[in-house]
Amino acid sequence: MAIRKTLTEKVTYYNASDPEDFIEKEQRWDNTYVVVDSIEGSKFGMSMLVVAYRTETKEDVIFRKRFQFTPSVANGSENFLKQAYNHLKTLSEFAGGEDC
């Protein structure tokens, strides 16, 4: 289970000798492979670690981020992992992502 999506992130590059000297730039990665690497919590709230890779080979990490959601525990609800992916696709960062 994963999401394929073109991602854009703001990246800040700092001058090592002068931390107040920096450049901000927007970086774009096409067809990234986004996975929920781990998930933990309870019916009151779940935390997931999301990792975005350049490709499905998982060799180059673009970022690791934490997200939270409140799962449904009603009868017939999908498992927490599926709910995590569904929640990610509601966020603007991952909206329009394709299941893969």
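This is a predicted model: local features need pLDDT of at least 70, side-chain atom pairs count only at pLDDT 80 or more; totals for chains, interfaces and linings use all residues.

User: OK, fold then. How many helices and strands are there in the protein?

Analyst: One helix and five strands. Along the sequence the order is β-β-β-β-α-β.

User: Is it compact or spread out?

Analyst: More spread out than a compact globule, because the radius of gyration is 16 Å, well over the 13 Å that the globule rule gives for 100 residues. The C-alpha atoms fill a box of roughly 55 × 25 × 25 Å along the principal axes.

User: What share of the residues counts as buried?

Analyst: 30% of the 100 residues. The protein exposes about 6600 Å², with 45% of that from carbon and sulfur atoms.

User: And charges? How many positive and negative side chains?

Analyst: 13 positive and 16 negative. The centres of the two sets are 6 Å apart.

User: Switching to the helix. Which residues of helix 1 are buried?

Analyst: Gln83, Ala84, Tyr85 and Leu88. They pack against strands 1, 2, 3 and 4.

User: What caps the N-terminal end of helix 1?

Analyst: Asn79 does. One of its side-chain oxygens lies 3.0 Å from the backbone nitrogen of Leu81.

User: Back to Gln83. Why does it count as buried?

Analyst: Because its relative accessible area is 12%, and the cut-off for buried is under 20%.

User: Which other residues is Gln83 in contact with, beyond its neighbours within four places in sequence?

Analyst: Besides Glu78, the list has Phe69, Pro71, Ser72 and Ser77.

User: Now Asn31. What is its phi?

Analyst: Positive, about 50°, although Asn31 is not a glycine. Most residues other than glycine have a negative phi.

User: Which other residue has a positive phi near 60°?

Analyst: Lys58, which is not a glycine either.

User: Last one. Of the contacts between residues at least 6 apart, what share joins residues at least 24 apart?

Analyst: 44% of them.

Key
Residues are numbered from 1 along each chain as its sequence is written. Side-chain values use heavy atoms; hydrogens and water are left out. Helices (H or I, at least four residues) and strands (E, at least two) are DSSP runs, numbered from the N terminus. The radius of gyration is taken over C-alpha atoms; the globule rule is 2.2 Å times the number of residues to the power 0.38. Buried means under 20% relative accessible area, exposed over 50%, partly exposed in between (1.4 Å probe, protein chains only). Contact means heavy atoms within 4.5 Å. Accessible areas come from the Shrake-Rupley method with a 1.4 Å probe; for residues, only the protein chains shown count as cover. Lys and Arg count as positive and Asp and Glu as negative; His and the chain ends are not counted. The place of a charge is taken as NZ of Lys, CZ of Arg, CG of Asp or CD of Glu. A polar contact is a pair of N or O atoms within 3.5 Å; within protein, one must be able to donate a hydrogen and the other to accept it, and residues adjacent in sequence count only if both atoms are side-chain atoms.
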